[in-house]
Amino acid sequence: MAAATASAQQTLGPPPHPKGPKVYLDYDQIELDAAYDQTVYEPDIDQLAAKLASDSNTVRAHLGMPRRVAYGPKEIEKLDIYRTTRPNAPIFIFIHGGRWRVAIAHDYGFPAETFVHAGAHFIAPDFDWVQNVDGDLNVLVAQVRRSIAWVHNNAASFGGDPARIYIGGHSSGGHLAGVAVTTGWKDLALPPDLIKGAVLLSGIYDLKPVRISNRSSYVKIDDTVEEALSPQRHIDRLTVPLIVMNGTRETPEFQRQSGDFAAAVKAAGKPVETIVAENYVHMETVESLANPYGLAGQAALKMMKLAS
């Protein structure tokens, strides 16, 4: 059994191939493409995503259906609000992942029970899939910003405290959350400290390698997008404490992106907590957000000054 397990582990990653020309760091094109394709390192990722969707149904059976409200004019521009009973409660906004091209908020309600029982509202916004907007990440970024702004401006309508908004994101949602925390909110006529803290799980913080990976088949990244939407290049705008987490069995690029970003934040003298989850794969980092004693869940509640 041990030999079989070791053999299976050795097959993860890019297929055996003659080493080609380097295209980024020490990667050739096949290796770089594999490093931005979680299925290569986590073959059962779709099954794990389906499990979390089922867990979301279980949470709704416990809590009831969330309040569904529009934050913008498009049909997709709605968010799910899972309410706590505590008055004037803090708020946690979660930006789901899915390679910018799949998944919906309905399937990412599974962490809600942890936050609601701890005394916080849990909110999950929907936004466009990038392939449906001609590959333009700016559309998704604008939607996420509008959803956060809506929560701030309408917090009183669901018993939330607009002065205690925290956000989180996983994978491509970690990228979008990273852009949100490096946004100049004052330029959008909102408080510069609108967000009080962020939990970034297995995210992407520099778009340069993504631009030359096979993700370029559906995401359009030019010089302007690469510069504007790479959070690591805008750490000077960062004003909130961060938790940056990744698993040791994720792709090498998802590990490197988290490590490099956290190191850059720390070097800039800004508060950051790094969590390196031993033997966690990509979907397990976000799954831990649903457990008040899990690595991400416990860290998020601590950041929000809520008891596990």
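**The sheet and two surface valines**

Mentor: V102 has a relative accessible area of 35%, so this residue counts as partly exposed. Keep in mind that the model is predicted. V102 sits in the loop that runs between strand 3 (89–95) and helix 5 (112–118). Together with I104 and W129, V102 forms a nonpolar patch on the surface, and the three share about 210 Å² of accessible area.

The loop leads back to strand 3, and from there to the sheet. Eight strands make up this open sheet, with mixed pairing and the order 1-2-4-3-5-6-7-8. Strand 1 (67–70) and strand 8 (272–277) are the edge strands, each pairing on one side only. From one strand to the next, the twist averages 20°. In general, the strands of a sheet pair through backbone hydrogen bonds, in either a parallel or an antiparallel sense. Strand 3 pairs with strand 5 (residues 160–170) in the parallel sense, over six bridges. Within that pairing, I95 has G169 of strand 5 as its bridge partner. Helix 10 (residues 252–267) packs on the sheet and touches strand 6 (195–201), strand 7 (242–247) and strand 8; the helix direction makes about 155° with that of strand 7.

The other valine, V23, lies in the loop between helix 1 (2–10) and helix 2 (29–35). V23 is partly exposed, because its relative accessibility is 34%. Beyond its neighbours within four places in sequence, V23 contacts D28, Q29, L32 and I212. V23 and P209 are 186 residues apart in sequence, yet their C-alpha atoms are 8.9 Å apart in space.

Technical notes. Residues are numbered from 1 along each chain as its sequence is written. This is a predicted model: local features need pLDDT of at least 70, side-chain atom pairs count only at pLDDT 80 or more; totals for chains, interfaces and linings use all residues. Side-chain values use heavy atoms; hydrogens and water are left out. Patches are made of residues with over 30% relative accessible area and no salt bridge: like charges are joined within 9 Å, nonpolar side chains (Val, Leu, Ile, Met, Phe, Trp, Tyr) within 5 Å. Accessible areas come from the Shrake-Rupley method with a 1.4 Å probe; for residues, only the protein chains shown count as cover. A salt bridge is a side-chain nitrogen of Lys or Arg within 4 Å of a carboxyl oxygen of Asp or Glu. Helices (H or I, at least four residues) and strands (E, at least two) are DSSP runs, numbered from the N terminus. Buried means under 20% relative accessible area, exposed over 50%, partly exposed in between (1.4 Å probe, protein chains only). Contact means heavy atoms within 4.5 Å. Two strands pair if DSSP finds at least two bridges between them. Axes are lines fitted to C-alpha atoms, for helices over the stretch in contact, and angles run from 0 to 180 degrees between N-to-C directions.
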